[in-house]
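Sequence and coordinates come next.

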Amino acid sequence: MVKVLIVDDHRLFRSGVRAELGPQIEVVGEAEDVDSAVAAIESLKPDVILLDVHMPGGGGQEVLRRVLGSGSSVRFLALSVSDAAEDVIGVIRGGARGYVTKTISGRELTDAIVRVSEGDAVFSPRLAGFVLDAFSSTEAPSIDPELDSLTTREREVLRLIARGYAYKEIAKELFISVKTVETHVSSVLRKLQLSNRHELSRWATARRLV
């Protein structure tokens, strides 16, 4: 049995992951932010931590810094909705053993956890190129506090804006109202200190979010 701690700020998602994992996985606990994750890792001694990238308290990179910086040999597998290059590279440089997106099936996730527990590195297929590119370069990606300030939904809206979607199309794609889309866009503009959707598109493109 591989002992796993699930770290994600959405309770419903954590419950879904529990239900999907195979019998060779024992979920020993859950955490919803950086502080609770660090405390749970110390007290529960899991073999593998399923780690969300964006959450309250500094995100997955802060968990990695605090836990691995203390000398722990626990293994981390990032599990995130984000497939942005800077997220993938950031957590791998931080010490995670792999990175998979939340589109993964329960069977695939179970296999990934077992492989990470055995020392393998595991990535969703399209993300492996980011890692190869990063480690063939001498330049380390910088942590982007602006990007990390956005919620998961704001990032989804931002990505669709950058792809040229109209507000109505975004609303249909994400199953939310046009008013909600407008609220998210306003929030993103405020957080990033930008003026319009054209500036948003350039900002997102520069960070390879499109």
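## A middle strand pair

In β5, Leu79 has Val100 as its bridge partner. This is a predicted model, in which local features need pLDDT of at least 70 and side-chain atom pairs count only at pLDDT 80 or more, while totals for chains, interfaces and linings use all residues. Residues are numbered from 1 along each chain as its sequence is written, and side-chain values use heavy atoms, with hydrogens and water left out.

β4 pairs with strand β5 (residues 98-101) in the parallel sense, over four bridges. Two strands pair if DSSP finds at least two bridges between them. Helices (H or I, at least four residues) and strands (E, at least two) are DSSP runs, numbered from the N terminus. From β4 the chain crosses through helix α4 (residues 85-94) to β5, and this β-α-β crossover is right-handed. Right-handed means that, with the strands pointing away from the viewer, the path from the first strand over the helix to the second runs clockwise.

## The sheet around β4

The open sheet has six strands, in the order β2-β1-β3-β4-β5-β6, with parallel pairing. Its edge strands are β2 (25-31) and β6 (122-123), each pairing on one side only. Strand β1 (residues 2-7) pairs with β2 in the parallel sense over six bridges. There, Val4 has Val27 in β2 as its bridge partner.

Strand β4 (residues 75-80) has five of its six residues buried, so the rest of the structure largely encloses it. Buried means under 20% relative accessible area, exposed over 50%, and partly exposed in between (1.4 Å probe, protein chains only). Strand β3 (residues 48-51) pairs with β4 in the parallel sense over four bridges. Leu51 stands opposite Ala78 in β4. Between β3 and β4 the chain passes through helix α3 (residues 60-68), and this β-α-β crossover is right-handed. In a regular strand the side chains alternate between the two faces of the sheet.

## Helix α4

How many of the 10 residues of α4 are buried? Eight are, and the helix is mostly covered. The buried residues are Ala85, Glu86, Asp87, Val88, Ile89, Gly90, Val91 and Ile92. Just after α4, Gly95 takes a positive phi of about 125°.

## Helix α10

Helix α10 (residues 178-192) has 15 residues, which should span 21 Å at 1.5 Å a residue; its end C-alpha atoms are 21 Å apart, which agrees. The expected span is 1.5 Å times one less than the number of residues. Buried in α10 are Val181, His184, Val185, Ser187, Val188, Leu189 and Leu192. Their cover includes α7 (145-148), α8 (152-162), α9 (167-174) and α11 (197-206). Just after α10, Gln193 takes a positive phi of about 55°.

Leu189 is found in α10. It counts as buried because its relative accessibility is 16%. Leaving aside neighbours within four places in sequence, Leu189 is in contact (heavy atoms within 4.5 Å) with Leu194, Ser195, Asn196 and Leu200. The C-alpha atoms of Leu189 and Leu158 are separated by 9.6 Å, with the two residues 31 apart along the chain.

Arg14 lies in helix α1 (residues 11-20). Is Arg14 buried or exposed? It counts as buried, because its relative accessibility is 8%.

The charged end of Lys102 sits over the ring of Phe13, 4.1 Å from its centre. A charge sits over a ring if NZ of Lys or CZ of Arg is within 6 Å of the ring centre and within 35 degrees of the ring normal.

## Positive phi in two loops

Lys45 is not a glycine, yet has a positive phi of about 50°. Its place is the loop between α2 (34-44) and β3. Lys45 counts as exposed, because its relative accessibility is 53%.

Phe175 has a positive phi of about 60° and is likewise not a glycine. This residue sits in the loop between α9 and α10. Phe175 is exposed, with a relative accessible area of 76%.
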